[in-house]
Amino acid sequence: MLQRLRPTCLAPFLLLTLLFAITAQPAHAQMKWRIHGGIITPMATGSSYFTLGPSVSVDVAYPLAERVDLVLDLGWDYLNTDDHHPTPVTNFWRYRAEVEGALVGDGETGLSVAAFGGVGGTTVYSHKFYLVSQVAKHMAEEGVPYTFEGERLRGTGITGVGGLRIGAHSPDGIMWWLTGKLNYTPLNDFNQDALHELSVNRVEPQGLDPISSVMGLSITLGVGL
């Protein structure tokens, strides 16, 4: 039986600790909230398996120093299926802790530029699909389970993130942010094998190049709350 990755508890625990630390700070500490929406496109090998889809996120920043913030970043990315291979539409639920440093401006007035990077976790959960290999093994071997309702890509693992934000203060007092964000998410063995099997067709009998991770670049427009 194929084995799925057990959910990683470390990343959620660290992020819950971070959230507690932020909310436990004195009232005079000025937290900044932002909400973002846009698109994400897969890169590298992942671009052969998936196509672009929507990306939304919300983050809260707590100042560590004059130009440095600690950020809790929660998001959802939705990669669509490739036109030529029946790979499943897949959700990537993300929760990350980041350090963000101002390069230009103060993030509240005028023009601002900030760079950020961090780590966290991503939970992968796809739409249903069926594997020919699972059907064959179920039919040929006693005791081999098969999910007649369909399989899913699923699992939770550590994720790395980095990017750049460009902010502009509008005349009506709103701070707008254009963000480019790169996420790197490793896949467990079942997800790798399933995606590769789904990529096999008559034109490509060997399937696409094996995939071990999904890298995605999101471009979003955000606003300070």
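Asn 191 touches Val 124, Leu 153 and Arg 154, leaving aside residues up to four places away in sequence (contact means heavy atoms within 4.5 Å). This is a predicted model, in which local features need pLDDT of at least 70, side-chain atom pairs count only at pLDDT 80 or more, and totals for chains, interfaces and linings use all residues. Residues are numbered from 1 along each chain as its sequence is written, and side-chain values use heavy atoms, with hydrogens and water left out.

Asn 191 lies in helix 4 (helices, H or I, at least four residues, and strands, E, at least two, are DSSP runs numbered from the N terminus). Asn 191 is buried, with a relative accessible area of 2% (buried means under 20%, with a 1.4 Å probe and protein chains only). Its partner Leu 153 also touches Phe 50, Phe 129 and Leu 195, among others.

The largest nonpolar core has 17 residues; Phe 50, Phe 129, Leu 153, Leu 195 and Val 214 touch the most other members. Such a core is a set of buried Ala, Val, Leu, Ile, Met, Phe, Trp, Tyr and Cys residues joined through side-chain atoms within 4.5 Å. Helix 4 (residues 189-198) gives the most to this core, with four residues.

| Class | Lining residues |
|---|---|
| Nonpolar (Ala, Val, Leu, Ile, Met, Phe, Trp, Tyr, Cys, Pro) | 14 residues |
| Polar (the others, Gly among them) | eight residues |

Methods:
Buried < 20%, exposed > 50% of the residue type's maximum accessible area, 1.4 Å probe, protein only.
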